Amino acid sequence: MKESIIEAWPRVAVIQLPGVNCEYETKAALERAELRGEIVRWNEPQERLDAFDAYVLPGGFSYEDRIRAGAVAAKVPGLDVVARAAEDGKPVLGICNGAQVLVEAGLVPGRTPGEVEMALGSNRGWDGYYCGWVYVKVEKQGRETAFTSRFEDGEVFPVPLAHAQGRFTVRDPDRFQEWAHAGQVPLRYVTPDGDADPGFPDNPNGSLLGAAGVTNPAGNVLAFMPHPERGGRLRQVPEWIQGTWGTRRRAAARRRDLLDGPGPGMKLFHSLADYLRWGQREARV
Amino acid sequence: MTLAVLRRWLKVPDPTALTARDTLQRWLGFADVLRDVERSEVFAFRWEEAVAARGILERLATDTNLLQNPNKHCFEIAVGSEALHPRGNVWVLTHEAGNGADIGSVLERRRLVDGEPPQVARGVLWELTGPTDRGTLSRMAAEIAETRERRAGLLANPHLENVTIFSDAPTAMDMAEAFVWESAEAEELR
C-alpha cells in the first residue's frame with residue numbers, strides 16, 4: 001500500500017510497557033482496520049505520546065504483574081498522557097493486561113476519573129491461569145461506544161482469552177449493577193447460544209454479571225479482558241467453534257483467500273476506525 | 001483455640017519488593033521518607049482445639065513442599081503470643097478473603113495433620129523502613145497501603161484485598177486475628 005495512504009490513517013499508539021508481549025499482534029490488527037498503529041515505549045517524551053488520536057494498552061505482563069497485575073504500570077508518568085486523552089474523549093483500549101492497568105489507574109469505570117473504583121481479582125472456577133476461547137455478547141443498552149458500533153446489539157462472537165486475574169469485582173456489587181444499567185458493561189461472557197450468567201467455563205473467571213469488558217461513562221475507554229487481536233483473521237478461529245463463525249471457518253478450510261479474511265475480533269478494531277474517522281454513531285436501539 | 005503463623009521470605013533480594021520501593025520513591029513521592037521495602041508471605045493457621053502447633057508447622061515446613069522451598073526461602077514460626085521478626089519498622093498485611101483455603105484442603109486431602117485440620121489463611125506482609133517518628137511513620141504506611149487513586153497508594157486494591165497496619169512487630173495472634181476466618185463464606189467466595 002502507498003505510504004501516502006497509510007500516512008493519512010488515524011494514528012494509534014500501542015504503548016509498550018516493560019513486560020507486555022502482544023504489541024505486534026495488536027499493531028497488525030489495527031493496520032488491518034486501516035489505522036496507523038505505532039509501537040511507542042511508555043517512557044517516550046510526553047509531547048510524542050500526546051500526538052496520537054487513540055491509545056491501546058496491549059496484553060502481556062507489565063512489570064511482571066508484580067504487586068498486582070497492572071498495579072505498577074498504572075502509576076507510571078506516561079499514563080498521565082493516556083488519562084488526559086481519555087478525559088478529552090480520545091479512545092483508549094486496554095486489552096487483558098491493558099485492561100488491568102486501566103482499572104488500577106481508575107480510568108474504568110471512571111465515574112470519578114482517577115479514583116480506583118474496581119478491581120480485577122484472581123479467576124474463580126479455575127485455579128490460576130486460564131487460556132481458551134469464550135463467547136461474548138454485545139449488550140448496548142441503547143448506547144454506543146467507540147468499540148462496538150460494528151456489532152449488532154445482542155450479537156454473540158467468539159474470542160480468545162488468557163489470564164489469571166480477570167474477574168471484574170467491586171466492594172459493593174450494587175454499584176456494578178448501576179454501571180451495567182448505564183450501559184458501561186457492553187461486553188459479557190455468555191454460553192455459545194447467548195445465555196447470560198453462565199458458570200465456568202463460559203464465564204471463565206467468575207466476573208460480576210459475566211463482565212468481559214467495562215467502559216467509562218462516555219464509552220471512549222474500554223477495559224476488555226479477552227484478546228480480539230488474536231481473533232483478527234478467520235484462520236485463527238478453531239474449527240470446533242460454535243455458531244456462524246465456526247460455520248464460516250469450516251467452510252473456509254484450505255481456502256487461503258477466505259482464511260486470511262477478517263476474524264471475529266476485527267469488528268472491535270473496525271468500530272474504533274469508524275469512531276476515529278466519523279465520530280460517534282447514533283445509538284441503535 | 002490455637003493460632004500460629006509461618007512467615008517465609010526469599011533468600012535473595014525480593015524483586016517485587018524492590019519494584020514496590022522504586023514505584024513509591026520515584027513516582028508516588030515517598031523518596032524522602034521511605035528508605036526500604038521488603039516483603040514476606042505469611043500463612044496463618046487456626047485450630048479449634050489446643051495443639052502442639054510449632055511441631056506440626058515445623059514438620060510441614062521441612063517434610064513437605066507445601067509451605068516453603070528450602071532452596072528459595074527462609075522461614076520462622078510463631079505461636080500464640082510469640083512475636084514474629086519482620087524487617088522494617090512498620091508493617092502492612094494485605095490479604096484476600098479465601099486465600100489459603102487451597103492449602104487447608106491439601107492438608108485435609110493428604111491427611112498431613114492428625115486430627116481436625118486447621119483453617120489456613122494466606123497474605124503478604126510488606127515490611128517498610130521509614131522515619132523513626134511514629135506519627136510520620138503511621139501516616140506513611142496508611143498512604144502507601146491502599147490504592148485509592150491513580151497517584152495515591154499501592155500495596156492493596158481495597159475492592160479485592162483487606163489491609164492491616166502494624167505499628168509494633170506483630171505476634172502470631174495479632175497476625176492471625178487480622179485475617180478473615182469465616183471459612184464457609186470464604187469457601188463460597190472461591
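This is a predicted model: local features need pLDDT of at least 70, side-chain atom pairs count only at pLDDT 80 or more; totals for chains, interfaces and linings use all residues.

Entry 1: confidence. I looked up the scores and found ipTM 0.91 and pTM 0.94. For chain B the mean pLDDT is 92, with 95% of its residues at 70 or more.

Entry 2: the largest pocket. I read a volume of about 1300 Å³ for the largest pocket. Its lining counts 46 residues, and those closest to the centre are Ser122(A), Gln165(A), Asn99(B), Arg122(B) and Val124(B). E5(B) gives the most, with 4 residues. By class, I noted 18 charged, 15 polar and 13 nonpolar residues in the lining of the largest pocket.

Entry 3: the cavity. I searched the whole structure for cavities of 30 Å³ or more and found 1. The largest cavity has a volume of about 40 Å³. Its lining consists of Arg8(B), Trp9(B), Leu10(B), Asp14(B), Arg39(B), Ser40(B), Glu41(B) and His73(B). E1 and E2 of chain B are the elements that give two or more residues to it. I recorded 4 charged, 2 polar and 2 nonpolar residues in the lining of the largest cavity.

Entry 4: the sheet of chain B. I traced an open sheet of 6 strands with antiparallel pairing, in the order E3-E1-E2-E5-E4-E6 (chain B). From one strand to the next, the twist averages 25°. Between E2(B) and E5(B), which run antiparallel, I read 11 bridges. Here Ala44(B) stands opposite Ala121(B) in E5(B). I then turned to the helices: H4 (residues 134–145) of chain B packs on the sheet, where it touches E4, E5 and E6 of chain B, and its direction makes about 20° with that of E4(B). Helix H3 (residues 101–109) of chain B lies across E2 and E5 of chain B and runs at about 135° to E5(B).

Entry 5: the sheet of chain A. I found 9 strands in an open sheet with mixed pairing, in the order E2-E1-E3-E4-E11-E10-E9-E6-E7 (chain A). Why is one side of strand E2 (36–41) and of strand E7 (156–163) of chain A left without a neighbour in the sheet? Both stand at the edges and each has a single partner strand, so one side of each has no neighbour there. Neighbouring strands of this sheet are turned by 25° against each other on average, direction ignored. I looked up one pair: E6 (residues 130–138) and E9 (residues 187–190) of chain A run antiparallel and are joined by 4 bridges. Leu187(A) in E9(A) is the bridge partner of Val138(A).

Entry 6: helices on the sheet of chain A. Helix H2 (residues 23–32) of chain A packs on the sheet and touches E1 (11–16), E2, E3 (54–57) and E4 (92–95) of chain A, its direction making about 155° with that of E2(A). Helix H9 (residues 266–278) of chain A lies across E1, E3, E4 and strand E11 (221–224) of chain A, at about 165° to E4(A).

Note on methods: Residues are numbered from 1 along each chain as its sequence is written. Chains are lettered from A and ligands numbered from 1 in the order in which they are written. Side-chain values use heavy atoms; hydrogens and water are left out. On a 1 Å grid over the protein atoms alone, a cavity is a set of points where a 1.4 Å probe fits but cannot get out, and a pocket is an open set with protein on both sides within 12 Å along at least five of seven lines; lining residues have an atom within 4 Å of a point. Grid points are joined across faces, edges and corners, and a volume is the space filled by probe spheres set on the points. Ala, Val, Leu, Ile, Met, Phe, Trp, Tyr, Cys and Pro count as nonpolar, Asp, Glu, Lys and Arg as charged, and the others, Gly among them, as polar. Two strands pair if DSSP finds at least two bridges between them. Axes are lines fitted to C-alpha atoms, for helices over the stretch in contact, and angles run from 0 to 180 degrees between N-to-C directions. Contact means heavy atoms within 4.5 Å. pLDDT is the predictor's confidence in each residue, from 0 to 100.
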